[in-house]
Amino acid sequence: MAKQEIMTLNVGPHHPSTHGVLRLIVELDGERVVSITPDIGYLHRGIEKLSESKKFLQVLPLTDRMDYMSSGTNNLAYILAVEKLLGIEVPPRARFIRTIMAEITRINSHLLGIGSAAGDCGAVSMLLYSLREREGCLDLFDETTGGRMMLTYYRPGGVANDLLPGFENRLKAFLDKFPKKLDEYDTLLKNNRIWLKRQVGIGYISREDALSYGLTGPTARGSGIDRDIRRDEPYEAYDEVEINVPVYTDCDAYSRWRVRMDEMRESVNILRQLIAKIPDGPYINHEAAKYVLPEKPRVKDSMEALIHHFKLVVEGLAPPRGEVYSSIEGPKGEIGFYIVSDGTPHPYRMRVRPSCFVNLQAIQKMGPGNMMADVPAIIGSIDIVLGEIDR
Amino acid sequence: MTVNWNRQNFSGEDPEQHPAVAALRRNPGTPVKEVAIFRGEVSAVISPEHSTEALTLLRDDPALAFDLLVDVTAVHWPEREGAEFDVVYQLYSHGSRMRIKVKVPLADGQEIRSVVPLWATAGWLEREVYDMFGIPFAGHPDQRRIVNPPNFEGHPLRKEFPVQGRVRW
């Protein structure tokens, strides 16, 4: 009889199913996973250290490049923390615009999340379809913010520019088309025998373990944790819309996939409510002139506005001494910023509470007991972006 | 256009009114050195020898039930003699939807007890603090660097570490 041996397999860091530069050290007993040890840090750019030498406005583009699938929510979490520190208010229209952008970001991120998860399991056509629909989100970003992926659109006190005329109609056209596409995905995957075999019961993590591992977002809601910051601690315009939070209790990859599918439908509902309710008015709070940049056209013909702009950009915003933690419901979980200010225009310390980093840690619990071929399915079901894990 | 910064369930002005602070004050084993409130966020300062007991109390008291460890991080204050670091724990309660920040001041090189037995999520969060600040966690099951390579010298988020690094790449 052959001696039983544990084989150590190195996966990555460059491997198509690891969603970036993630290295896994997998111990195998035959085809069965005994343990998974992730090795991260290949994309570490030191964003936290870098931000200590930048001014508050200069940090904003860095936050885009963390979770590059959902820059709209990274920016929002950062800007909310800065506004809390500065103590400035936001006009209602700006709150709605930001919420709209955050919800489109959620659809965008979930589309790539489910697309690549399905692609890893062999359903490559699903990946192509979701990339096709994602283009609709990117076009809406493009026309409003000028950037397709890196928005950098929010400013302390509001947003950089108003929505273009006709944006609401284009968003409505997207929202009319999109749910039909989601139904198509359902016909493709929901009862597909191969998909069920690859997802049901895979990557099991119980509710207790999910709590202990600090899971948030769809990964936690797939394990029966009924928590959504949009509903529980509403920010921006979320207290003016009705939100249903999908929760599944099967604790496996399939329930996490269903949470994401339901959340996209829910985002469509939220977006419909938002465009029905969006008020008129200023898109940035010009009353808080100490911290808010003047409108760009005015900078070109008014001396005072030019001086004001120059002063704010060169000297930076100096908040009072203090420390704030502000978090929002990102597409992948709770994304928060903990900013300590010493009264200078630079953050004394900026800590990002990463959602993917915390969620990925649970793969050490989800992985053992599954087959090696299921490991890509588990990674896909956590929906990680290495840019945010390593920062 | 009024904004209530405080989105959580606690909305008092006095930090002593926060149920978590009140519970820590009631328990003789967890002396609270200091409490502060800024923009509605309550933070309590606890000395390192009482930190584990305080966090256990906050997690296990059924009236509080701070069951989610949101974040563990640290802040470096080099000019604060004898307490160069603050280790900051962010806690959240699913039941009461409240948050509390627990800060533990530490001297350079001083150990703090790991909270991995309480929350598994602390495993990587504490490894990152160790990697970035060089704070050792006693009882951590796997104390290694996490984002920097194992042969890296220094701890990047300390204030004396230069932003541009020490070596030319």
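Reader: How does the radius of gyration of chain B agree with that of a compact globule?

Author: The model is a predicted one. A compact globule of 169 residues would have a radius of gyration near 15 Å, and the 17 Å of chain B agrees with this. Along the principal axes, the C-alpha atoms of chain B fill a box of roughly 50 × 40 × 30 Å.

Reader: What share of the residues in chain B is buried?

Author: With burial taken as 20 or more other C-beta atoms within 10 Å of a residue's own, 43% of the 169 residues in chain B are buried.

Reader: Which pattern does chain B follow along the sequence?

Author: Chain B contains three helices and seven strands, arranged in sequence as α-β-β-α-β-β-β-β-α-β. Of the contacts in chain B between residues at least 6 apart in sequence, 50% link residues at least 24 apart.

Reader: How many residues of chain B are in contact with chain A?

Author: The size of an interface is often expressed as the accessible area lost when the parts come together. Here, residues in contact are counted: 31 of chain B and 36 of chain A. On the chain B side, β3 (68-76) and α3 (122-133) are the elements that give two or more residues. The largest share, six residues, comes from β3(B). By class, this side has 16 nonpolar, eight polar and seven charged residues.

Reader: What confidence scores accompany the model?

Author: The model has ipTM 0.89 and pTM 0.90. For chain B, the average pLDDT is 85, and 93% of the residues score at least 70.

Key: Residues numbered from 1 in each chain as written. Chains lettered and ligands numbered in written order. Predicted model: local features only at pLDDT ≥ 70, side-chain atom pairs only at ≥ 80, totals over all residues. Helix = DSSP H or I, 4+ residues; strand = E, 2+ residues; numbered from the N terminus. Rg over C-alpha atoms; globule rule 2.2 N^0.38 Å. Buried ≥ 20, exposed ≤ 12 C-beta atoms within 10 Å, placed from the backbone. Contact = placed C-beta atoms within 7 Å. pLDDT = per-residue confidence, 0-100. Nonpolar A, V, L, I, M, F, W, Y, C, P; charged D, E, K, R; others polar.
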